[in-house]
Amino acid sequence: MSEENPYLRDLFNQEAESEESIDQAALDRILEEERPQFSAGFADRVMARLEQAPIVANIDDYLPRMFRWVAVGGMAAAIALLVITWYQQDSVSLDALTGIADLGLSDSFALNSF
């Protein structure tokens, strides 16, 4: 097992610290050059427009739109289940839908024994 060289560890730490300071200085310079300039009163104008805007975030406005998609998805799932039942049981009766179409009298006695 090799031992850790303290000189290499210190050199590595110094290198990492210098890269961080270089990167930080470069980022600060880039941010200073690219800082957007806003005209006087910009924040006041934005806040005034936000106060005038109507508030639309109401659940009653979203429920009809959500219901439409939930209803369409539910109908698609129901149709898919009916097709699967028809394919597997060759019937869409209540017995086929509940899964008891192929059960006989002995099966019902076996179910009661549990």
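The following legends describe an overall view and close-up views of a predicted model.

**Figure 1. Overall arrangement of the helical chain in the predicted model.** The chain contains five helices and zero strands. Read from the N terminus, the order of its elements is α-α-α-α-α. Its accessible surface amounts to about 10,900 Å², and carbon and sulfur atoms account for 62% of that area. Of the 114 residues in the chain, 2% are classed as buried.

**Figure 2. Close-up of the nonpolar surface patch formed by F38, F42, V46, M47 and L50.** Together, these residues present about 490 Å² of accessible area. V46, one of the patch members, belongs to helix α2, which spans residues 42-52. The relative accessibility of V46 is 35%, so this residue counts as partly exposed. Two further members of the patch, F38 and F42, are shown in the next view.

**Figure 3. Close-up of the aromatic pair F38 and F42.** The structure holds one aromatic pair. The ring centres of F38 and F42 are 4.6 Å apart and the ring planes meet at 20°; because planes under 30 degrees apart count as stacked, the pair is assigned to that class. The two residues fall into separate accessibility classes: F38 counts as exposed because its relative accessibility is 56%, over the 50% limit, whereas F42, at 35%, counts as partly exposed. Both phenylalanines also contribute to the nonpolar patch, alongside V46, M47 and L50.

Figure 4. A polar atom of the T85 side chain is 2.8 Å from the backbone oxygen of L81. When residues up to four places away in sequence are left out, T85 touches D90, S91, A96 and L97.

Notes. Residues are numbered from 1 along each chain as its sequence is written. This is a predicted model: local features need pLDDT of at least 70, side-chain atom pairs count only at pLDDT 80 or more; totals for chains, interfaces and linings use all residues. Side-chain values use heavy atoms; hydrogens and water are left out. Patches are made of residues with over 30% relative accessible area and no salt bridge: like charges are joined within 9 Å, nonpolar side chains (Val, Leu, Ile, Met, Phe, Trp, Tyr) within 5 Å. Accessible areas come from the Shrake-Rupley method with a 1.4 Å probe; for residues, only the protein chains shown count as cover. A salt bridge is a side-chain nitrogen of Lys or Arg within 4 Å of a carboxyl oxygen of Asp or Glu. Helices (H or I, at least four residues) and strands (E, at least two) are DSSP runs, numbered from the N terminus. Buried means under 20% relative accessible area, exposed over 50%, partly exposed in between (1.4 Å probe, protein chains only). Rings of Phe, Tyr and Trp (its six-membered ring) pair if their centres lie within 6.5 Å; planes under 30 degrees apart count as stacked, over 60 as edge-to-face and the rest as tilted. A polar contact is a pair of N or O atoms within 3.5 Å; within protein, one must be able to donate a hydrogen and the other to accept it, and residues adjacent in sequence count only if both atoms are side-chain atoms. Contact means heavy atoms within 4.5 Å.
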